[in-house]
Amino acid sequence: MESTIKNSWDLREEIIRLRELEKIQNVALKERFSSPVAVLSTVYSLFPKGNPNAENKSNIFNQDFVSLISRFLIPLTLNKTLFKNSGFIVKALVGLVSQKASGYINEDAVVSVWDKIKGLFEKKNSVRGHYPYSL
């Protein structure tokens, strides 16, 4: 609700309204996190749900070696190089985003990128082989 503030009385009314809204939201948050069940459900949501026999790459125990290394190496590298003088909040956000991105990095992806790079160099060498007098 955006109300236009034209004078000091409107400003005071808006301040009172916002303070009441803050009180209502504080009560709602206290109710949500007051019971031990709410805390346990938050902790329980960290662990994967579903069929334990199915392969789930989001579970940290079902990942390959490259995924595990990238899960810790990417945030550490970014925070030590690009975001060196950033604040705590920026570093935490970089950590969260890079951990989500590291879920896409696995051994197959690294091998396929390596093969593509290796293929580029092999193509350059094969082109030089066809033309023996070229530079």
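**Figure 1. Salt bridge between Lys 23 and Glu 20 in the predicted model.** Lys 23 and Glu 20 form a salt bridge in which the closest N and O atoms are 3.9 Å apart; the term denotes a side-chain nitrogen of Lys or Arg within 4 Å of a carboxyl oxygen of Asp or Glu. Both residues belong to helix α1, where they are three residues apart and thus separated by about one helical turn. Lys 23 is exposed, with a relative accessible area of 52%, whereas Glu 20 is partly exposed at 42%. Here buried means under 20% relative accessible area, exposed over 50%, and partly exposed in between, computed with a 1.4 Å probe on protein chains only. The model is predicted: local features require a pLDDT of at least 70, side-chain atom pairs count only at pLDDT 80 or more, and totals for chains, interfaces and linings use all residues. Residues are numbered from 1 along each chain as its sequence is written, and side-chain values use heavy atoms, with hydrogens and water left out.

**Figure 2. Salt bridge between Arg 17 and Glu 14.** The structure holds two salt bridges, and one of them joins the side chains of Arg 17 and Glu 14 at 2.6 Å, N to O. These two residues also lie in helix α1, three residues apart, or about one turn of the helix. Glu 14 is buried, with a relative accessible area of 14%, while Arg 17 is partly exposed at 29%. Side chains of opposite charge can pair when their charged atoms come close.

**Figure 3. Start of helix α1 and the ring of Trp 9.** At the start of α1, a side-chain oxygen of Asn 7 comes within 3.2 Å of the backbone nitrogen of Trp 9. This is a polar contact, that is, a pair of N or O atoms within 3.5 Å; within protein, one must be able to donate a hydrogen and the other to accept it, and residues adjacent in sequence count only if both atoms are side-chain atoms. The charged end of Arg 12 sits over the ring of Trp 9, 5.0 Å from its centre; the criterion is NZ of Lys or CZ of Arg within 6 Å of the ring centre and within 35 degrees of the ring normal.

Figure 4. The 25 residues of α1 should span 36 Å at 1.5 Å a residue, and its end C-alpha atoms are 36 Å apart, in agreement; the expected span is 1.5 Å times one less than the number of residues. The protein has five helices and zero strands, assigned as DSSP runs numbered from the N terminus (helices H or I, at least four residues; strands E, at least two). The protein averages a pLDDT of 77, with 73% of the residues scoring at least 70; pLDDT is the predictor's confidence in each residue, from 0 to 100.

Figure 5. Ser 98 is located in helix α4 and is buried at 6% relative accessibility. A polar atom of the Ser 98 side chain lies 2.7 Å from the backbone oxygen of Val 94, and the backbone oxygen of Gly 95 lies 3.2 Å from a polar atom of that side chain. Gly 95, found in helix α4 (residues 88-101), is buried, with a relative accessible area of 15%. Gly 95 and Phe 72 are 23 residues apart in sequence and 8.9 Å apart in space, C-alpha to C-alpha. Of the 135 residues of the protein, 10% count as buried.
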